[in-house]
Amino acid sequence: MGKLCCHSSGVGVGGDTLLQPPTPTKDPHAVSWANVRGLEDQQVRRLTKIQQRGVLWKHPEGNSAPGATRSIVFRLSHDGEVEADGNCLFNASVKAMRCNLDARELRRRTVKRFLEDLASLTVAEREAVDSEIKHMYSPDLVSGWGVHDIQELKLLARKVDRDSLDSAIAELVGLGIPRELAAESIYKERCIAVDDGSSWAKYMATSGSKDDEYHIIAMQYSEWGLLSVDENRDGHAAAFGDDLAILSLATEFKREVFVVQAHGLDAMVEEENCVFFLPHRPRGPICEPPIFLFMKGTGWCGAGADHYEPLIAHPSSTFSEEKVALVL
């Protein structure tokens with residue numbers, strides 16, 4: 001992955017100074033997992049055990065990584081809820097990193113990093129990224145029904161085109177076409193499908209603010225046809241962070257990002273295995289300890305519907321590496 005390095009600004013953007021382990025701190029504001037809303041008993045028990053025993057992070061380069069920070073034991077604490085909107089990944093990441101950025105600036109930097117990395121990919125690599133994006137946001141509605149009962153298409157409507165879109169829809173309605181079918185037809189014809197790297201960047205830059213260039217249109221389908229059209233007329237819908245956004249965030253800050261996913265009984269897994277640590281490694285050197293985000297697992301979630309909450313990673317010199325709950 002490259003050498004361990006850091007920058008004096010603390011955001012890991014290069015330099016030759018070796019990173020030292022974070023100063024161990026107490027956890028005065030730790031939230032008991034029993035007090036976190038929406039968790040089942042088995043999730044609470046497993047997460048509490050992990051909190052009490054800690055997790056051991058090892059630098060992916062192992063013993064070849066220079067400096068003192070080859071391994072750190074962290075105590076993970078829930079740091080409270082963030083609003084359940086499309087900005088939750090960025091709001092949670094700001095809290096987890098304890099950085100001075102706001103969520104919109106973090107989103108902007110994530111998209112910028114994605115576009116810079118996209119430009120450096122080979123043709124085959126770029127095709128793979130486009131395929132992943134198309135699978136998430138423009139799925140195959142003919143043969144793509146092997147996993148989910150409901151699929152969602154994401155489209156982008158330019159805010160300045162709203163009046164012309166409304167007029168075109170009204171014209172079809174005047175011809176006797178039902179409103180939702182008319183909207184589906186016009187939006188598909190005139191809006192931007194989120195199906196490649198360029199359109200993904202436009203989509204992920206949308207935060208639901210008045211400054212957005214686009215409104216997100218969402219269409220839900222079952223195997224039997226259109227279920228609903230969310231026209232997002234107030235423009236408040238934001239793009240939910242996905243795996244590509246997390247990868248770009250990790251690359252921007254040169255840190256691994258671990259998504260801690262806790263599954264309930266609907267996942268039909270044993271309690272010992274109901275919590276997963278999903279790693280996202282940056283496309284380059286790892287310069288600082290990881291970021292941890294919490295995601296409550298559900299039986300089904302549509303494209304980009306995961307909800308993230310911040311975890312605070314407190315380094316602990318008192319925990320034994322041999323007795324930790326997990327080794328990452």
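I take a polar contact to be a pair of N or O atoms within 3.5 Å, where one must be able to donate a hydrogen and the other to accept it. The model I am working from is predicted.

Entry 1, E309. I looked up the polar contacts of this side chain. The side chain of E309 reaches the side chain of H78 at 2.6 Å. A second polar contact joins the E309 side chain to that of H307, at 3.5 Å. I placed E309 in strand β10, which covers residues 308–315. Is E309 buried or exposed? I noted a relative accessible area of 2% for E309, so this residue is buried, the cut-off being under 20%. Leaving out residues up to four places away in sequence, I listed what E309 touches: V36, H78, G80, E81, A92, L293, F294 and K296.

I searched for disulfides and the count came to zero. The rule asks for a pair of cysteine sulfur atoms within 2.5 Å. C191 has a relative accessible area of 11% and is buried. C274 is buried as well, at 0%.

How many cavities of 30 Å³ or more does the structure hold? I found one. The largest cavity has about 40 Å³ of space. I recorded its lining as W33, L47, I50, L76, V260, F277 and L311. By class, I counted seven nonpolar residues in the lining of the largest cavity, with no polar and no charged ones.

Methods. Residues are numbered from 1 along each chain as its sequence is written. This is a predicted model: local features need pLDDT of at least 70, side-chain atom pairs count only at pLDDT 80 or more; totals for chains, interfaces and linings use all residues. Side-chain values use heavy atoms; hydrogens and water are left out. Buried means under 20% relative accessible area, exposed over 50%, partly exposed in between (1.4 Å probe, protein chains only). On a 1 Å grid over the protein atoms alone, a cavity is a set of points where a 1.4 Å probe fits but cannot get out, and a pocket is an open set with protein on both sides within 12 Å along at least five of seven lines; lining residues have an atom within 4 Å of a point. Grid points are joined across faces, edges and corners, and a volume is the space filled by probe spheres set on the points. Ala, Val, Leu, Ile, Met, Phe, Trp, Tyr, Cys and Pro count as nonpolar, Asp, Glu, Lys and Arg as charged, and the others, Gly among them, as polar. Helices (H or I, at least four residues) and strands (E, at least two) are DSSP runs, numbered from the N terminus. Contact means heavy atoms within 4.5 Å.
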